[in-house]
Amino acid sequence: MFGVGTTIVYMVSYYLTRLLFPDAESVPSWLQWIYRITDVFGIESSTALPVIVSWFLSVTFAFLTNRVYVFESHADTFGKFMLEALKLYATRLATLLVNLLLMFLLVDLPQMHNFVYEFIAMIFTNIIVLILNYVLSRIFVFRKKKTSVKKKK
C-alpha cells in the first residue's frame, strides 16, 4: 500500500518537474549541472533532474511511512531515528543510480521523449527500483534485532 503511495509521489513529482523544467535553459543556473551529467555521451539528459527531485521526495515519503507502518520501527531516540534515516538515504542512493542509468538508457540515449514511452520506461524502472528498495531496506535499514533465547535447564 505504501509502496503505491511512494510510487504516486514519485510519478507526480517526476512529471511536475518535467513540465516546470523541460530543458536545461528553463532550469535555474544552480541546477543546470544535472542536465550536463550525460555530456560525456554527447546527449543532454532531460530525465536526470526529474528523477533526482522525485527520488528525494519519494524517499522522504517512504522513510516516514516505512519506519512506522511497514517495518514497525521502534527507534526511541533522535540518534536512532537519524541513523535509520541515514541508512535509508544511503541505500536509496544506490537505487537512484540504477534509476538514473535505466532512464538514461531507455529514454535519453535513444532520444525517445514522448509521454507514453517515457511513462512506460518509468513504470519498468520503478518496478526494478521498488524491489531493490524493499530488499535493501529489509537488510540494511529496518532489520529486526536478533533476540537471544536462553535455554532453561
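A: R18 forms a salt bridge with E118, and their closest N and O atoms are 2.8 Å apart. The pair links distant parts of the chain: R18 sits in helix α1 (residues 2–20) and E118 in helix α5 (residues 115–141), 100 residues apart. A salt bridge here is a side-chain nitrogen of Lys or Arg within 4 Å of a carboxyl oxygen of Asp or Glu. By this rule the count comes to one salt bridge. Side chains of opposite charge can pair when their charged atoms come close.

The model is predicted: local features need pLDDT of at least 70, side-chain atom pairs count only at pLDDT 80 or more, and totals for chains, interfaces and linings use all residues. Residues are numbered from 1 along each chain as its sequence is written, and side-chain values use heavy atoms, with hydrogens and water left out.

Both R18 and E118 are buried. Buried means under 20% relative accessible area, exposed over 50%, and partly exposed in between (1.4 Å probe, protein chains only). E118 counts as buried because its relative accessibility is 3%. Beyond its neighbours within four places in sequence, E118 is in contact with Y14, Y15, R18, T47, M103, V107 and H113. Contact means heavy atoms within 4.5 Å.

Y14 and M103 are among the residues with the most contacts inside the largest nonpolar core, which has 23 residues. Y10, L49, V51 and M122 are also on that list. The elements giving two or more residues to this core are α1, α2 (32–35), α3 (48–70), α4 and α5. A nonpolar core is a set of buried Ala, Val, Leu, Ile, Met, Phe, Trp, Tyr and Cys residues joined through side-chain atoms within 4.5 Å. Y10 has its own set of contacts: leaving aside neighbours within four places in sequence, they are V51, S54, W55, S58, N99, M122 and N126.

Y134 is in helix α5, and Y134 is partly exposed because its relative accessible area is 44%. Y134 belongs to a nonpolar surface patch of about 1,000 Å², whose members include F115, F119, I123 and F140. Patches are made of residues with over 30% relative accessible area and no salt bridge; like charges are joined within 9 Å, and nonpolar side chains (Val, Leu, Ile, Met, Phe, Trp, Tyr) within 5 Å.

Next, the loop between α4 and α5. Q111 lies there. Q111 is not a glycine, yet has a positive phi of about 55 degrees. Most residues other than glycine have a negative phi. Q111 counts as exposed because its relative accessibility is 53%.

Now the whole protein. It has five helices and zero strands. Helices (H or I, at least four residues) and strands (E, at least two) are DSSP runs, numbered from the N terminus. Buried residues make up 39% of the 153 residues. Of the contacts with a separation of 6 or more, 67% come from residues 24 or more positions apart.

Last, confidence. Mean pLDDT is 81, and 84% of residues reach 70 or more. pLDDT is the predictor's confidence in each residue, from 0 to 100. Confidence is highest in α1, at a mean of 87, and lowest in α2, at 80.

Definitions and conventions. Accessible areas come from the Shrake-Rupley method with a 1.4 Å probe; for residues, only the protein chains shown count as cover.
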